[in-house]
Amino acid sequence: MTHLEEITPHTFDAAVGIRVRPDQEHAVSPVVQSLAEAYVHPEGVAWPRLIVDGERPVGFLMAFLGIDWHGDGSEHRSGLWRLNIAADAQGRGYGRFAVRAVAEELRRRGTEEMYVSWHPGPDGPEAFYLGLGFRTTGEVSGDQTVGVLELG
């Protein structure tokens with residue numbers, strides 16, 4: 001059964017061992033960078049988790065919780081920050097599981113919208129996110145397209 005596990009000293013090596021396909025490396029940061037970013041942000045902003053199928057680590061996700069989107073306190077957003085599915089585990093529904101798990105966690109916290117951003121282009125994950133019900137917002141974050149999913 002697929003489930004999420006917290007990143008602990010026990011699961012750290014498995015998490016940083018998750019590698020996407022070589023052609024995807026330009027589109028998503030390695031897990032170790034994500035964990036470093038989680039560490040340097042204020043407590044409670046990052047929600048990193050290992051995706052495990054039975055006993056086998058198959059991916060990593062990190063949600064962001066209530067970040068100051070514009071940096072001026074005018075809007076706080078939550079969503080999926082990172083999604084890394086192991087190269088040999090792709091195409092088996094783990095990405096969909098991860099998005100649903102983050103959506104459930106955000107609903108549990110009373111959040112009504114879930115944001116995500118992705119690298120545009122033919123080799124990017126846009127079709128994946130749009131297929132799950134995200135819609136583009138018309139915004140760009142850095143060089144990434146921003147999408148939102150209504151959770152209500």
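1. A residue is called exposed when its relative accessible area is over 50%, and buried when that area is under 20%. By this cut-off, Tyr39 and Val40 of helix α2 are exposed. The model discussed here is predicted.

2. Helix α2 spans residues 31-40, and its buried residues are Val31, Ser34, Leu35 and Ala38. These residues lie on the same side of α2, because the arc they cover around the axis is only 100°. Tyr39 and Val40 are on the other side of the helix.

3. What lies over the buried residues of α2? The elements that cover them include helix α1 (12-16) and the strands β2 (46-53), β3 (56-68) and β4 (76-85).

4. A separate topic is the aromatic rings. Five aromatic pairs are counted in the model. One of them joins Phe128 and Tyr129: the ring centres are 5.0 Å apart and the planes meet at 70°, so this pair is edge-to-face.

5. Tyr129, at 6% relative accessibility, counts as buried. Tyr129 also forms an edge-to-face aromatic pair with Phe134, with 5.6 Å from centre to centre and 85° between the planes. Phe134 is buried, as is Tyr129.

6. Which residues make up the aromatic cluster that contains Tyr129? Trp118, Phe128, Tyr129 and Phe134 form one cluster. Within this group, Tyr129 pairs with Phe128 and with Phe134.

Note on methods: Residues are numbered from 1 along each chain as its sequence is written. This is a predicted model: local features need pLDDT of at least 70, side-chain atom pairs count only at pLDDT 80 or more; totals for chains, interfaces and linings use all residues. Side-chain values use heavy atoms; hydrogens and water are left out. Rings of Phe, Tyr and Trp (its six-membered ring) pair if their centres lie within 6.5 Å; planes under 30 degrees apart count as stacked, over 60 as edge-to-face and the rest as tilted. Buried means under 20% relative accessible area, exposed over 50%, partly exposed in between (1.4 Å probe, protein chains only). Helices (H or I, at least four residues) and strands (E, at least two) are DSSP runs, numbered from the N terminus. The arc is that of the directions from the helix axis to the C-beta atoms. Contact means heavy atoms within 4.5 Å.
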